Amino acid sequence: MCVTCGCGQGAETELTLHDDEHVHGGHTHLSNHGHSHDHGAPGGHGHDHEHSHDHTHPPFHSGNARAPTGPMVPGRDRRSIALESQVLAKNQLIAERNRGWLSGRGILALNLVSSPGAGKTTLLERTLVDLRDELKMAVIEGDQATSNDAQRILATGTCAVQINTGTGCHLEADMLERALHLLPAEPNSLLFIENVGNLVCPALFDLGEHSKVVIFSVTEGEDKPLKYPHMFAAASLVLLSKTDLLPHLRFESKRAVENALSVNPDLELLEVSAYSGVGLDSWYTWLRRNLAAQEGS
């Protein structure tokens, strides 16, 4: 359960691997006490066995989950704030374990976040097709329901794990941990984690990724970074997407960039279009540079 927004109460999280040979998965019941009850995947892919983890973790970076501070908010008592702190602290422990597992294998994991409809999956499809002969890549897809996006990823020749969160509005570190045990992620590879479309809760929940990448569509309005500052503050890169639509919109890219930098002066920003291909070379260069740095760390 997400104590911050109340989502996910009584929900089941389902994970399904989609690859060229087979589909298999499992589901987890999430209780209101933060415990998970694992049901092994059919076809001999249960997860009662041990998995080794590399416990050498990169430093904690800004934008990850933090215990809430400040004045009391109407409708929230001290018990709810204490429970929220516990949930975030537990999530952070698992996230650090994930980070060590990924870092030890030289895997660059990117948490792709956006509002619904900003173009995450389309941009991801184009990226996978363009780089599939050069880089090893895998995908974890997060949605409340359906395996539609995982099927789109599979069509590019890339294997994917679909995580369905039910009523949950974001991915959490324990979901990624389970997905990593399903996914045949190769050393020195790229792992794209497409989060549930939401710019609120994913800012709070560190998954153990290397970086958060915000896909910010030109159809959303220049003030999006000001409305959702926590997400832009937590990100390392912003991809201003769908720029091929700019001639048809009243959208000022310069103002959007200024707003994003006012929230996070350290942000890198790239203007891209999955449709026309504009800006994609810069995005691919960013991926190569960060993957090389991860492999050498």
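**Figure 1. Strand β9, helix α7 and strand β10 form a right-handed β-α-β unit.** In this unit the helix α7 spans residues 253-263, strand β9 spans residues 237-241 and strand β10 spans residues 268-271. Helices (H or I, at least four residues) and strands (E, at least two) are taken as DSSP runs and numbered from the N terminus. A crossover is called right-handed if, with the strands pointing away from the viewer, the path from the first strand over the helix to the second runs clockwise. The model is predicted: local features require pLDDT of at least 70 and side-chain atom pairs count only at pLDDT 80 or more, whereas totals for chains, interfaces and linings use all residues. Residues are numbered from 1 along each chain as its sequence is written, and side-chain values use heavy atoms, with hydrogens and water left out.

**Figure 2. Strand β9 pairs with β8 and with β10.** Two strands pair if DSSP finds at least two bridges between them. Strands β8 and β9 run parallel and are joined by five bridges; Phe216 has Leu240 of β9 as its bridge partner. On the pairing with β10, four bridges are present and the strands again run parallel. Here Val238 stands opposite Leu269 of β10.

**Figure 3. The residues of β9 are buried on both sides of the strand.** Five of the five residues of β9 are buried, and the strand is thus mostly covered. Buried denotes a relative accessible area under 20%, exposed over 50%, and partly exposed the range in between (1.4 Å probe, protein chains only). Leu237, Leu239 and Ser241 point one way from β9, while Val238 and Leu240 point the other way. In a regular strand the side chains alternate between the two faces of the sheet.

**Figure 4. Ser211 is a buried residue of strand β8.** Strand β8 covers residues 211-217. Ser211 counts as buried because its relative accessibility is 4%. Its side chain makes a polar contact with the side chain of His210, at 2.8 Å. A polar contact is a pair of N or O atoms within 3.5 Å; within protein, one atom must be able to donate a hydrogen and the other to accept it, and residues adjacent in sequence count only if both atoms are side-chain atoms. Beyond its neighbours within four places in sequence, Ser211 is in contact (heavy atoms within 4.5 Å) with Ala109, Leu110, Asn111, Ser236 and Trp286.

**Figure 5. A salt bridge between Glu134 and Arg288 links distant parts of the chain.** The side chains of Glu134 and Arg288 meet at 2.6 Å, N to O. Glu134 lies in the loop between α2 (120-131) and β5 (137-143), and Arg288 lies in helix α8 (residues 280-296), 154 residues apart. A salt bridge is a side-chain nitrogen of Lys or Arg within 4 Å of a carboxyl oxygen of Asp or Glu. By this rule the structure has 12 salt bridges. Glu134 is partly exposed, at 44% relative accessible area, and Arg288 is partly exposed, at 33%.

**Figure 6. Further salt bridges include Asp223 with Lys227 and Arg255 with Glu252.** The closest N and O atoms of Asp223 and Lys227 are 3.6 Å apart. Asp223 is partly exposed at 32% relative accessibility, whereas Lys227 is exposed at 55%. For Arg255 and Glu252 the closest N and O atoms are 3.7 Å apart. Arg255 is partly exposed, with a relative accessible area of 42%, and Glu252 is partly exposed, with 43%. Elsewhere, salt bridges that share partners join Glu96, Arg99 and Asp206 into one network.

**Figure 7. Thr146 and Lys242 have positive phi values.** Most residues other than glycine have a negative phi, and most peptide bonds are trans. Thr146, which is not a glycine, has a phi of about 75°. Thr146 is found in the loop between β5 and α3 (148-154) and is partly exposed, with a relative accessible area of 41%. The phi of Lys242 is near 60°. Lys242 lies in the loop between β9 and α7 and counts as partly exposed at 25% relative accessibility.
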